[in-house]
Amino acid sequence: MGYIEELGKKAKAAAPFLAGCDDITKCGAMGEVARRLNENPSGLIEANAVDIENARKNGMSEALIDRLTLDGKRIAGMTEGVMQVCGLPDPIGEVISQKTLPNGLVVTQKRVPMGVIGIIYESRPNVTLDAAALCFKSGNAVILRGGSDAFNSNKYLVDLMRRTIAERGIPADCIQLVEDTSRDTANAMMKADKYLDLLIPRGGGGLIRTVVENATVPVIHTGEGNCHVFVDESADIDMAVNIVNNAKTQRPSVCNAIESILIHENIAEEFFRKLDELWQGKVKILGDEATAKRISVEKIADDTDYATEFLDYKLSSKVVKGIDEAIAHINRFGTGHSECIVTRSPENAERFQREIDAAAVYVNASTRFTDGFEFGLGAEIGISTQKLHARGPMGLRELTSYKYLINGNGQIRG
């Protein structure tokens, strides 16, 4: 029996117990995990320090090391997310609809867990806690396959969660970590449709495409974020500069950071002057000829640049004639994640939100808010960029399915 098959069998056996747990039991266990992390974060910080040291030895960029790094503040944010999840209504058992048919059959549609969820993700160890908490609360067993870069952090977190839930009589195998981070285990998870009810890839475009193209398990697309800000002719220039700065530089290595800006030609001169005064070369710009006339660019941008998720202090730029060109460009190069317009025009704001094909469409606000925690979901399993079943930040409800319960008194079909 293969390694992933062994984990899958254990998860499949544990899942029914968790599906039958009440909310007090589930939240008591995850709340205890959060309490232990808050009271003693040093063990996790020490494990994370080993990961950071290894990452630097392997030449990882500082932007990606930032994704990997955990400190007291980030751990506190992680545990706050767990407690927010615990405080949300339990979706399991919710009656979605109920009706009595003319023949007397009572048909009830009720929310249930998916069963066993597999997650393949990259460097961010906070995903380990977020994903486990959401799956656990929604009654799903989970198999977590993080990257080798965060292995020590991930193992510390999963060991803590398994130990804590087992102490409360819940099977530890409701939460499992794939400790073999080779490509073979990722490939095996993609084909484990006998055990996994859903597979969620969370990471860069390469990972997501590989999973989507190769998996026989149902997949939800998440994460790849080629996000844009369009600065309209009527925009408040200072607001636009502030939003672009926040959306690019506050944390450039995450999927809701912007990768491209589109500037109306009538305000491009003033916008680029103010942006240049602020950045002073901090962010490398790959722009079209019209951008290059107004600000220093690293190179003239081509279609490959406009399609790239840099996850770094880089940005593509294009000067456009108006909202028609901006919408067409975004719908061509965007990944369906998060898009923004900065404008004073209610008409352009409404049109942008109506015609842009993305999970989250902003008017006059940074794309950095596309996040389960910020949206009041407590945490997220990922940002879905598809349209079936789940779209945008995926919280508890997106990790559930439903079944029909039919009650009769002897009816037969004629």
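This is a predicted model: local features need pLDDT of at least 70, side-chain atom pairs count only at pLDDT 80 or more; totals for chains, interfaces and linings use all residues.
I started at a bridge: His264 has Val320 of strand 11 as its bridge partner. Residues are numbered from 1 along each chain as its sequence is written, and side-chain values use heavy atoms, with hydrogens and water left out.

**Parallel sheet**

I looked up the element numbering: helices (H or I, at least four residues) and strands (E, at least two) are DSSP runs, numbered from the N terminus. Two strands pair if DSSP finds at least two bridges between them. Strand 8 (residues 258-264) and strand 11 have five bridges, in the parallel sense. They belong to an open sheet of seven strands, ordered 10-9-11-8-7-12-13, with parallel pairing. Strand 10 (299-300) and strand 13 are the edge strands, and each pairs on one side only.

Helix 10 (residues 237-249) does, and it touches strand 7 (227-231), strand 8, strand 11 and strand 12 (338-342). Contact here means heavy atoms within 4.5 Å. The direction of helix 10 makes about 165° with that of strand 8. For angles, axes are lines fitted to C-alpha atoms, for helices over the stretch in contact, and values run from 0 to 180 degrees between N-to-C directions.

**Helix 10 on helix 11**

I then followed helix 10 to helix 11 (residues 268-279): their axes are 10 Å apart, at an angle of about 45°. That makes the two helices oblique to each other; the classes are under 35 degrees for roughly parallel, over 145 for roughly antiparallel, 65 to 115 for roughly perpendicular, and oblique for the rest. The crossing of helix 10 and helix 11 is right-handed, meaning that the near helix is turned clockwise from the far one by less than a right angle.

I listed the contact residues. Helix 10 gives Ile237, Asp238, Ala240, Val241, Val244, Asn245, Lys248 and Thr249, and helix 11 gives Glu270, Phe271, Lys274, Leu275, Leu278 and Trp279. By class, I get eight nonpolar, two polar and four charged residues for this contact. Ala, Val, Leu, Ile, Met, Phe, Trp, Tyr, Cys and Pro count as nonpolar, Asp, Glu, Lys and Arg as charged, and the others, Gly among them, as polar.

**Helix 6 on helix 7**

The other helix pair I opened was helix 6 (residues 126-137) with helix 7 (residues 151-167). Their axes come within 10 Å and cross at roughly 30°, so helix 6 and helix 7 are roughly parallel to each other. Helix 6 passes helix 7 in a right-handed crossing. Thr128, Leu129, Ala132 and Phe136 of helix 6 meet Asn154, Leu157, Val158, Met161 and Ile165 of helix 7.

Strand 1 and strand 2 (residues 106-113) pair over five bridges, and Gln98 stands opposite Thr108 in strand 2.

**Loops**

Leu399 sits between strand 15 (392-393) and strand 16, and is buried at a relative accessible area of 0%. My cut-offs: buried is under 20%, exposed over 50%, partly exposed in between (1.4 Å probe, protein chains only). The C-alpha atoms of Leu399 and Met114 are 6.3 Å apart, although 285 residues separate them along the chain. Not counting residues up to four places away in sequence, Leu399 touches Met114, Leu134 and Ile381, among others.

Ser253, in the loop between helix 10 and strand 8, is buried too, at 0%. With the sequence neighbours up to four places away left out, Ser253 touches Ala63, Asp66, Arg67 and Leu311.

Leu311 has a positive phi of about 55° although it is not a glycine, and at 16% relative accessibility it counts as buried.

Asn364 is also not a glycine but has a positive phi, about 60°. I found Asn364 in the loop between strand 13 (360-363) and strand 14 (383-384); at 29% relative accessible area, Asn364 is partly exposed.
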